[in-house]
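Work through the two exercises below with the sequence and the model on view. Try each task before reading its solution.

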Amino acid sequence: MRRAHLHPLHSLQAEPGLEEDESVESLKRVAELISSGKAKNICLLLGAGISTSAGIPDFRSPNTGLYHNLQKLNLPFPEAVFELNFFNRNPEPFWTLAKELYPGKHFPTPTHYFLPLLHRHGLLKRVFTQNIDTLETLAGLPPDIIVEAHGSFANSHCLRCRREVDRDEVLKAGVRRGEVVRCSGNIKKKGKGEHACGGLVKPDIVFFGEGLPDRFFRLIPELKQCDLLLVIGTSLQVQPFASLVDRVPATCPRLLINREPVGPFSNLPSTRPTGFTKNLDKILHQESTGHNIGHESRDMYWEGDADEGISRIIDQLGWRDEFEELIENGKKQLEKQYEDAERLESQMEKKEAHTAEKKAKKGTEAVKEIVGEKTEGEDLEEAIRRQLRL
């Protein structure tokens, strides 16, 4: 099974002298907020851009995004693959896509490992993510810290009987081969006893036409406690997630790390905002007044890939050795976990193939016993028909 691996860490480290470049001033200021102890309740808003270096394409990038790649499936429109009514009628496109996204194939990126590092230092309040790939959890971040706004592949349910379907059953059903997963449980039908369900299984990701998880709305108020907001790898186009950027206090510093400015950061250059340094103390100490000092004083933008931006922050914080050790240990654990899972899947496939072969052989022998020796010139199919007529 092919997997995407992490970038070599040395390729992500800032080159000598770049730390003084104006383009990294925003990252330096964020590092200062963290190292000075002024940022103690950091919240993050994450999008698909943090997973692209893991080999998972984002949705909207021209020529490379998931929606572009779905053209070969002849969908009426790209988003149909995540539309509930379309899934009920035609689930094949979704499961074709799911074989590329299902957990157990990709490794977390350096940006993902930044999350448990913040948590280890007692600085992380909450992570809101649009991603469904579960890489935040695989990087070692406790699930209770994460809000998966659009659900994830972590759990699945049958749409007919609502039975929870565990990961092993989904794997056994052939998700790695892009096969449609159906419920293997039994349901009771009035007057007819139990029979196989066979309903469509759907991972607990939010499709168009479905409501977001209750937990998402329940934890939004925590953003009022945020004293530093990091927005990374998201287009801020999908609501209500995009509105979260405005749920932090009016004086909370906000940094966007992205390939292009989006949302309230659209008018900012990828350099230090005018007046940010001068107004830093004002930003940090005026929250109690409720005075909105404006985005030109608190908002920052760094243009580039998520991993590179995070790597520069790591260097500014002096956390490089700890960061590399965290990634290396995490990668080793996942490699073993993935190898064990592959071995188990292979054993299951061989066992199923052997069982199917035995059944086929037994069936053939049973037919021969019923039919007896074929008459000369008569094939097996005709012999069976003749026996049935008798």
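**Exercise 1.** At what angle do helix α1 and helix α11 pack, and how far apart are their axes?

*Ground rules.* The model is predicted: local features need pLDDT of at least 70, side-chain atom pairs count only at pLDDT 80 or more, and totals for chains, interfaces and linings use all residues. Residues are numbered from 1 along each chain as its sequence is written, and side-chain values use heavy atoms, without hydrogens and water.

*Solution.* 
1. Find α1 at residues 25-35 and α11 at residues 306-317. Helices (H or I, at least four residues) and strands (E, at least two) are DSSP runs, numbered from the N terminus.
2. The angle is about 45 degrees, and the axes are 9 Å apart. Axes are lines fitted to C-alpha atoms, for helices over the stretch in contact, and angles run from 0 to 180 degrees between N-to-C directions.
3. α1 is therefore oblique to α11 (under 35 degrees is roughly parallel, over 145 roughly antiparallel, 65 to 115 roughly perpendicular, the rest oblique).
4. List the contact (heavy atoms within 4.5 Å). α1 brings Leu-27, Lys-28, Val-30, Ala-31, Ile-34 and Ser-35. α11 brings Gly-309, Arg-312, Ile-313, Gln-316 and Leu-317.

**Exercise 2.** In what order do the three strands of the open sheet stand?

*Solution.* 
1. The order is β5-β4-β8, with antiparallel pairing. Two strands pair if DSSP finds at least two bridges between them.
2. β5 (164-165) and β8 (201-205) are at the edges; each has a single partner strand, so one side of each lacks a neighbour in the sheet.
3. β4 (residues 151-158) pairs with β8 over four bridges. Gly-151 has Ile-205 of β8 as its bridge partner.
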